[in-house]
Amino acid sequence: MVSPEEAAARPAAIEPAGTFHRDGSTWLIYLIWAALGFAVNGLGSVLLPLKEQLGLTTVQTSLYSAFFAIGLVLTGLVGHRLVERVGRRRLLMIVLALVGAGALVMTLGTVVTTFVGAAGIGFGAALMIQVLPVELVGLQPAHAPRALSEANSLSSIAGIIAPFGVAWALSAGLGWAFGYSIPLAVAAGLSMIGLFVARQRAAAQDNPTVPDAPTAAAPVESPWRPWIEMVGSVAVEFCFVLWSATAVASWHRVDTSLATLIAGCFLVGMGVGRFVGAPLAGRFGVRNTTIGCLLLALVGSLAFWFAGNHWIAAGALLIGGLGVSLLYPLTLSRLLAADPLDTDRATSRSALASGVAILSVPPLLAGLADLIGLHLAFLVAPGILVALIGRNLWPRAKR
């Protein structure tokens, strides 16, 4: 008997017949998705430099990521209704303008401007998560799994570039803005120009409207089961994305630029895992792949916690990133399969799950760090992984 999780994996495992063609609109969405990865992961890379530059506490520093989380929660609640009223393409132009403006304001480097800029980036990036998946599925209805996989791979690569760019800018004495907010503002501006040109060409050719999504099958499980697992998976991911650089600097007494560089190993692991690991769910099943990834992530998180020097910590972060890499795509595939007839509503649920995770667990880790120290507080991440492993093993034990 096929489980709901295995049924959810089938769209990602079977490639439809026909030639996969990446037109200009597809490449544009790919590039915007890459900018999203740069924006989100780069925000974690600048937390430590901002903390040192502005003299913030750990809890105050965590507020920068909270804007993205709040935006995700709001998107999860009203995002699909906003799409209905504004339209996806127009909304995408608005959020790109918001991200670009936020990045420019953030470069001013004061407490107020960095918080305002981070708010613009966070809210804009959250709304991108509502728009981009459905837009890409509409452009490639017969090859959606492959297109989504490629887009996520590019996003991961851009996410890898962000911390290394920040580390380079810091080591060169240019400041974190040259590694993060200035490139992000340029990327947002170029994306807006690309969308405008694409719209003008489409109007000139009088192209028909692209369908929102392909015809979908009936739902295979309640959406709240993968939703809960997505909350846990995203929480673990952002514990490392936002706080691993601070942990490396604190535990191993290295400078900020080297700590940021080492923290980037987690994103390297995620990028490699998403690039090479897409076929695993089709070959081994969603549950088996999920459990394997959770176990690998647990090994990496514990190795990071016990690491005796910063080089071991770098290897542990690489392993942890490999394990975490597929957790979000696997739970997202199940969440979309649970509501295939309303993809806008399904993506809203995924945004809400991510927002709840980022808004709760990383700030909890920061609060615990101020109370009991960052080393003990970081046990939050392996604790969540153990809970997720138990949740995925329990249905198997019942059958």
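Contact here means heavy atoms within 4.5 Å. The model is predicted: local features need pLDDT of at least 70, side-chain atom pairs count only at pLDDT 80 or more, and totals for chains, interfaces and linings use all residues. Residues are numbered from 1 along each chain as its sequence is written, and side-chain values use heavy atoms, with hydrogens and water left out.

**Exercise 1. Describe the largest nonpolar core.**

Step 1. Define it. A nonpolar core is a set of buried Ala, Val, Leu, Ile, Met, Phe, Trp, Tyr and Cys residues joined through side-chain atoms within 4.5 Å.
Step 2. Count. The largest one has 113 residues, and Leu92, Met106, Tyr180, Phe304 and Phe378 have the most contacts inside it.
Step 3. Find the main contributor. Helix α10 (residues 224-252) supplies the largest share of this core, 16 residues.
Step 4. Zoom in on Phe304. Beyond four places in sequence, its contacts include Phe240, Trp251, Leu317 and Phe378.

**Exercise 2. Work out the setting of Thr256.**

Step 1. Thr256 sits in helix α11 (residues 256-276).
Step 2. Thr256 is buried, since its relative accessible area is 15%.
Step 3. Its side chain makes a polar contact with the side chain of Glu52 at 2.9 Å. Such a contact is a pair of N or O atoms within 3.5 Å; within protein, one must be able to donate a hydrogen and the other to accept it, and residues adjacent in sequence count only if both atoms are side-chain atoms.
Step 4. Not counting residues up to four places away in sequence, Thr256 touches Leu48, Pro49, Glu52 and Leu170.

**Exercise 3. Show what surrounds Ala151.**

Step 1. Ala151 belongs to helix α7 (residues 144-171).
Step 2. Ala151 counts as buried because its relative accessibility is 0%.
Step 3. Leaving aside neighbours within four places in sequence, Ala151 contacts Tyr30, Trp33 and Leu136.
Step 4. Leu31 is 120 residues away along the chain, yet the C-alpha atoms of Ala151 and Leu31 are separated by 8.1 Å.

Definitions and conventions: Helices (H or I, at least four residues) and strands (E, at least two) are DSSP runs, numbered from the N terminus. Buried means under 20% relative accessible area, exposed over 50%, partly exposed in between (1.4 Å probe, protein chains only).
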